[in-house]
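Open the model in your viewer and keep the selection panel at hand.

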Amino acid sequence: QIPKDPAQRRVRELAMLSKQLQQVHPNVLAKVLKQGTVYQNEEIVVINKPYGLPVHGGPGVKNCIADVLPILAKMLENMKAEPLHLCHRLDKETTGVMVLARNKEVAERIRLLFKTRQVEKIYWAISLGDPDPTEGIVEIPIVEKEVRSHQSHYKMTLAPNYRLSPEDGKVVKIRKNRDAESAVTRYRRLGSASACSLLELQPITGVKHQIRVHLAYGLGCPILGDHKYSHWSKLAPQKLPGITLKRLKLEQSKARHLPLHLHAYRLSLPLGERIDLVCKPPLFFQKTLKKLELDITND
């Protein structure tokens, strides 16, 4: 049956869409990506990655971006073209700017730019709560750890270099975790309402799930719809404040269907000249902003 409540309907539609993207014919998927093309030249093709679509294949993944690159190349180039190449990755639930290269050499060049941190990346996220201070830099190393609970699972988490001494409350340096990767994220609040904030984020490093971990565990402001990093010891749906539920017209019992509100908004690539690539957030993200009355007036 179709839920009467519009928010639940929308959440359901998104889940369905994510599922459909897994079941459609690769040609249809390539067409969807082609329609989401925001920029192309002789070297690159830039798409607005849809929600719920993995970049790489894996167990249970029928469709992913990597698999349809040869089809997409042909669609863009009228039949004869070598397959496009991936240059970087985005999580399955993340939307936004994704750069594909038209040949191997360009792909290598762009991967190197990412690796040497010459690509400027700006993300938008809707977070629960308000970061304090409202802008700053989170610089805390991140490591992957096993969470031992009734269902064991792995999560990325913080591995700080300092802690407060229980004896006298002084700051003490701790032994570095060998496996931890250094991670740096700049953040700035663009607006706040309904117990949520719209944040502009610039990851300086590129550690797995970095933005999600820094916001949730570093600032105590998990991303809306991030059910994985809203708790540490359990796999459970995110708990939302009353006002947020009310504005979203959602019951807490249905919160688990909320999608992750993290969008790769802008990417600046120094390829000869700097190319600025911008993707506006997907419809569900825009609707959430409206519902939460998180109005942003800038571009």
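Select Ile47, Ile65, Leu72, Leu84, Leu100, Leu201 and Leu215. In this predicted model, these residues touch the most other members of the largest nonpolar core, which has 32 residues.

Now colour by secondary structure. Helices H2 (26-35), H3 (65-77) and H5 (210-218) each supply at least two residues of this core. So much for the helices. Strands S2 (44-49), S4 (95-101), S5 (120-128), S12 (196-203) and S13 (262-271) each supply at least two residues as well. Which element gives the largest share? H3 does, with 6 residues.

Switch to colouring by domain. The core draws at least three residues from domain 1 (17-116) and at least three from domain 2 (120-292).

Next, centre on leucine 72. Hide its neighbours within four places in sequence. What is leucine 72 in contact with then? The list is Ala30, Leu33, Lys34, Ile47, Leu84 and Leu100.

Move on to Leu224, Ala255, Leu258 and Phe285. They are among the members of a second, separate core of 24 residues.

Last stop: select helix H1 (residues 6-23) and helix H7 (residues 283-291). Their axes come within 12 Å and cross at roughly 160 degrees. The angle is over 145 degrees, so H1 runs roughly antiparallel to H7. The crossing is left-handed. Show side chains here. On H1, the contact is made by Ala7, Arg10 and Leu14. On H7, Phe284, Lys287, Thr288 and Lys291 take part.

Definitions and conventions. Residues numbered from 1 in each chain as written. Predicted model: local features only at pLDDT ≥ 70, side-chain atom pairs only at ≥ 80, totals over all residues. Heavy atoms only, no water. Core = buried A, V, L, I, M, F, W, Y, C linked by side-chain atoms within 4.5 Å. Buried < 20%, exposed > 50% of the residue type's maximum accessible area, 1.4 Å probe, protein only. Helix = DSSP H or I, 4+ residues; strand = E, 2+ residues; numbered from the N terminus. Domains from an automatic or database assignment. Contact = heavy atoms within 4.5 Å. Axes fitted to C-alpha atoms, helices over the stretch in contact; angles between N-to-C directions. Parallel < 35°, antiparallel > 145°, perpendicular 65-115°, else oblique. Left-handed = near helix turned anticlockwise from the far one by under 90°.
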